[in-house]
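Visitor: Please show me the structure, and then let us go through some questions about it.

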Amino acid sequence: MPLTAPPLALYVHMPWCVKKCPYCDFNSHGLRGEPPPYAAYIDTLLADLDADLADFGAAAEGRPIVSVFFGGGTPSLFAPGHVARFLDGARARLPFADDCEITLETNPGTVEHGRFDGYLAAGVNRLSFGIQSFDDDKLRRLGRIHSASEAEAAVKSAQDAGYANLNLDLMYALPRQSLDGALADVERAIALSPTHVSHYQLTLEPNTAFAASPPPLPDDDAAWTMQEACEARLAEAGYGQYEVSAYARPDRRSRHNLNYWEFGDYLGIGAGAHGKLTDAGTGTVHRRWKSRHPRTYLEAAGGPARIGGGGPVEPAELPFEYMLNALRLYQGVPLEAFSQRTGLPAERIAPALAQAHARGWLTDAPGRLQPSQLGQRFLNDLIGLFLA
């Protein structure tokens with residue numbers, strides 16, 4: 001079946017952070033010795049973008065960028081001038097949608113007072129604060145470099161600078177956390193009036209300090225109770241849950257993350273960045289990721305060595321890849337979108353859909369792929385039905 005080119009976003013990875021957190025499995029590198037070569041990294045990002053556009057050719061040509069996301073690491077280690085230079089360079093190479101959402105992740109412990117207006121002037125119109133908790137003891141256990149009061153001050157400073165679109169990242173099921181503690185974090189987040197809250201469970205990821213030496217975490221039943229209670233409180237405060245860990249005010253859902261979950265396309269620029277691009281002309285979906293270490297990435301300077309791997313996604317793998325994203329959305333997606341985004345007929349997933357319906361994991365909404373409440377709780381099992 002013919003593929004339809006979906007919206008195109010841009011992900012930019014900034015790999016450095018002040019200190020690696022013990023739970024973090026992202027491609028982040030703590031500061032050591034000499035400061036990172038920030039200006040050179042911006043040059044390399046633009047060279048990487050040029051090379052990707054040359055490699056993918058017509059598959060990316062003329063498609064407007066609907067969102068940009070600076071992730072990390074800690075992107076707010078980069079000065080507003082660096083961010084502005086990248087955005088100006090990207091706009092010179094690609095058309096940006098008039099309402100393009102441009103998000104910068106920031107750590108409350110790394111932003112100097114008064115810099116938010118600089119990011120706003122650079123073109124960043126949305127900030128995402130990695131707060132995780134408003135309990136100083138929990139922050140210490142998580143290895144965070146900020147305090148609860150510094151987090152609140154940073155959010156208020158951004159609002160004073162003119163930011164009206166803010167996300168706050170919170171974690172629950174923290175070491176020795178109680179239900180009251182999880183709810184207290186949500187209350188303090190609500191009091192700051194963000195437009196979006198990302199609320200997700202702390203998990204022990206391989207190759208992290210916490211995996212090597214696990215802290216005492218709440219059990220699964222306690223974590224589920226926290227999730228339900230916090231979800232109810234956020235809903236009461238006007239934050240609608242639209243994805244497993246995402247809650248938003250009306251019309252403030254993250255466009256960038258929605259594009260991921262709806263199996264949209266995104267160019268991945270930076271050390272360790274992942275990208276996905278649909279070539280409607282050849283009927284293929286490509287994935288590509290970049291070399292992980294900042295030094296290797298910088299030395300490549302936009303050359304072939306910047307590529308860590310990738311290639312076309314095999315048709316047999318597309319159902320799982322699609323469902324891994326789409327079924328995270330609580331309102332689901334139209335069934336026809338599966339064929340539009342994968343090029344596969346719906347018949348390819350009919351047996352898995354029949355199993356999912358038989359187990360009560362999908363709603364009976366006609367023409368829609370939507371997880372039921374039971375399916376939301378057993379999401380990994382539901383998605384696993386679509387493995388090749």
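Guide: Contact here means heavy atoms within 4.5 Å. The model is predicted.

Visitor: Which residues of α2 (residues 80-93) does α1 (residues 38-56) meet?
Guide: On the α1 side, the residues involved are Tyr38, Ala39, Ile42, Asp43, Leu45, Leu46, Leu49, Asp50 and Leu53. Their partners in α2 are His82, Arg85, Phe86, Gly89, Ala90 and Arg93.

Visitor: Are α1 and α2 roughly parallel or roughly antiparallel?
Guide: The axes of α1 and α2 are 10 Å apart, and the helices pack at an angle of about 15 degrees. Angles under 35 degrees count as roughly parallel. The two helices, α1 and α2, are therefore roughly parallel.

Visitor: How many disulfides does the structure hold?
Guide: A disulfide requires two cysteine sulfur atoms within 2.5 Å. The structure's count of disulfides is 0. For cysteine 24, the nearest cysteine sulfur belongs to cysteine 21 and is 6.3 Å away. Cysteine 24 is thus in no disulfide, and the total for the structure is 0.

Visitor: Is cysteine 24 buried or exposed?
Guide: Buried means under 20% relative accessible area. Cysteine 24 has a relative accessible area of 15%, so cysteine 24 is buried.

Visitor: Which residue has its backbone nitrogen 3.1 Å from a polar side-chain atom of serine 254?
Guide: Serine 254 sits in the loop between β10 (246-248) and α9 (255-261), and is buried at 0% relative accessible area. Leaving aside neighbours within four places in sequence, its contacts are Glu101, Arg126, His196 and Tyr242. The backbone nitrogen at 3.1 Å from the serine 254 side chain belongs to asparagine 257.

Notes:
Residues numbered from 1 in each chain as written. Predicted model: local features only at pLDDT ≥ 70, side-chain atom pairs only at ≥ 80, totals over all residues. Heavy atoms only, no water. Buried < 20%, exposed > 50% of the residue type's maximum accessible area, 1.4 Å probe, protein only. Helix = DSSP H or I, 4+ residues; strand = E, 2+ residues; numbered from the N terminus. Polar contact = N/O pair within 3.5 Å; in protein donor to acceptor, adjacent residues only side chain to side chain. Axes fitted to C-alpha atoms, helices over the stretch in contact; angles between N-to-C directions. Parallel < 35°, antiparallel > 145°, perpendicular 65-115°, else oblique.
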